[in-house]
Amino acid sequence: MALGSNTKFYETPNHPYQGERISEESGLVGQYGLKNKEELWRAQSELRAYRREARKLLGQTGTAGAAKETEEFLARLKRIGVLDETDSLDDILSLDVTDILERRLQTVVYRKGLANTTRQARQFVSHGHVTVEGQRVTRPSKKITVDEQGAVEFDENSPLTDELHPERAEEQ
């Protein structure tokens, strides 16, 4: 799909002015260093799609292709790290939006200790200081699979590879 098309990949809230929802969203935006609420709404829409698929598959149990389809769906969610190895189809319905947000490159960079804050992690990613499996990635919203998580590091040409760089995270 071409950039700039008229298709949104998220749904906005039905009731725009609910104080409790607004404060909850603002807290998540701050905690995960998101640029705006649109990024949060994208994650919520992705979670809704996972739940919708899980409900559909739960309703099909017993049919011929349902078992194979269920296995593929669970394998995909386990590969991206949203589910643990022991989780089942029922566990998808109890997922929270934070499970989706934890898989973003920006959050992974922060959790690995490469940045002091989630906002700083976002800046490092968007300025091209971070690589995933040797490839520079400048999209903070990129979903990181479990396999890729160990290969998230600073670009070898980045000044941030120097341990003494003033912007580097202090060792805990």
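Why does T145 count as buried? Its relative accessibility is 17%, and buried means under 20% relative accessible area, with exposed over 50% and partly exposed in between (1.4 Å probe, protein chains only).

This is a predicted model, where local features need pLDDT of at least 70, side-chain atom pairs count only at pLDDT 80 or more, and totals for chains, interfaces and linings use all residues. Residues are numbered from 1 along each chain as its sequence is written, and side-chain values use heavy atoms, leaving out hydrogens and water.

**View 1. The whole protein chain.** Here's the overview: eight helices and three strands. Helices (H or I, at least four residues) and strands (E, at least two) are DSSP runs, numbered from the N terminus. Read from that end, the elements go α-α-α-α-α-α-α-β-β-α-β. The C-alpha trace spans about 60 × 40 × 40 Å along its principal axes. Of the 172 residues, 39% count as buried. Take the contacts (heavy atoms within 4.5 Å) with a separation of 6 or more: 54% of them are between residues 24 or more positions apart.

**View 2. T145 in its loop.** Back to our opening residue: T145 sits in the loop between β2 (135-136) and α8 (146-149). Setting aside neighbours within four places in sequence, T145 touches R79, I80 and R103.

**View 3. Helix α1 against helix α2.** Helix α1 (residues 19-31) packs on α2 at an angle of about 100 degrees, the axes being 9 Å apart. That makes α1 roughly perpendicular to α2. As for the terms, axes are lines fitted to C-alpha atoms, for helices over the stretch in contact, and angles run from 0 to 180 degrees between N-to-C directions. Angles of 65 to 115 degrees count as roughly perpendicular, under 35 as roughly parallel, over 145 as roughly antiparallel, and the rest as oblique. On the α1 side look for I22, E25, S26, L28 and V29; they meet K37, L40, W41 and Q44 of α2. Sorted by class, this contact has five nonpolar, two polar and two charged residues. Nonpolar covers Ala, Val, Leu, Ile, Met, Phe, Trp, Tyr, Cys and Pro, charged covers Asp, Glu, Lys and Arg, and the others, Gly among them, are polar.

**View 4. Helix α2 against helix α3.** The axes of α2 (residues 37-59) and α3 (residues 66-79) come within 10 Å and cross at roughly 155 degrees. The two helices are therefore roughly antiparallel to each other. From α2, Y50, E53, A54, K56 and L57 meet E69, T70, F73, R76 and L77 of α3. That set splits into five nonpolar, one polar and four charged residues.

**View 5. Helix α7 and what covers it.** In helix α7 (residues 118-126), the buried residues are T118, Q120, A121, R122, F124 and V125. Their cover includes α1, α2, α6 (105-111), β1 and β3. Just after α7, check out G128, which takes a positive phi of about 80 degrees.

**View 6. The three-stranded sheet.** The strands form an open sheet in the order β2-β1-β3, with antiparallel pairing. At the edges are β2 and β3 (152-154), each pairing on one side only. Strands pair if DSSP finds at least two bridges between them; β1 (residues 130-132) and β3 have three, in the antiparallel sense.
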